Amino acid sequence: MNIAEVICREANRLPENLAYEVLDFIQYLQFKHALRDSTGDSLKTAQQPVMNRIWDNPEDEVWNEL
């Protein structure tokens with residue numbers, strides 16, 4: 001079993017709130033070591049509340065079943 005599988009197995013045992021902390025730490029390490037582009041993630045996070053209001057509405061429910 002490789003290290004990613006061990007981490008995944010251990011993370012699956014955690015309650016969801018602690019799993020979010022692990023995810024946050026992983027993302028921190030990726031940013032710290034320049035392994036990911038944080039600009040795109042920041043923009044996605046900023047857009048999420050607005051896009052939820054636009055896409056989650058009764059008129060568009062019919063599209064969710066396609």
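Predicted model: local features only at pLDDT ≥ 70, side-chain atom pairs only at ≥ 80, totals over all residues.

Start with Arg13. Its relative accessible area is 58%, so Arg13 is exposed. Its partner is Glu10: the two form a salt bridge, with the closest N and O atoms 3.2 Å apart. Glu10 has a relative accessibility of 34%, so this residue is partly exposed.

Which residue forms a salt bridge with Glu10 at 3.3 Å between the closest N and O atoms? That is Arg9. Arg9 comes out at 35% relative accessibility, and therefore also falls in the partly exposed class.

How many salt bridges does that make by this rule? The count is two. Taken together, Arg9, Glu10 and Arg13 are linked in a salt-bridge network.

Now the helix. Helix α2 runs over residues 16–32, which is 17 residues. From its first C-alpha to its last, α2 reaches 24 Å, and that is close to the 24 Å expected at 1.5 Å a residue.

One last point, on the backbone. Just after α2 comes Ala34, with a positive phi of about 55 degrees.

That is what I have.

Definitions and conventions. Residues numbered from 1 in each chain as written. Heavy atoms only, no water. Salt bridge = Lys/Arg side-chain N within 4 Å of Asp/Glu carboxyl O. Buried < 20%, exposed > 50% of the residue type's maximum accessible area, 1.4 Å probe, protein only. Helix = DSSP H or I, 4+ residues; strand = E, 2+ residues; numbered from the N terminus. Expected span 1.5 Å × (residues − 1).
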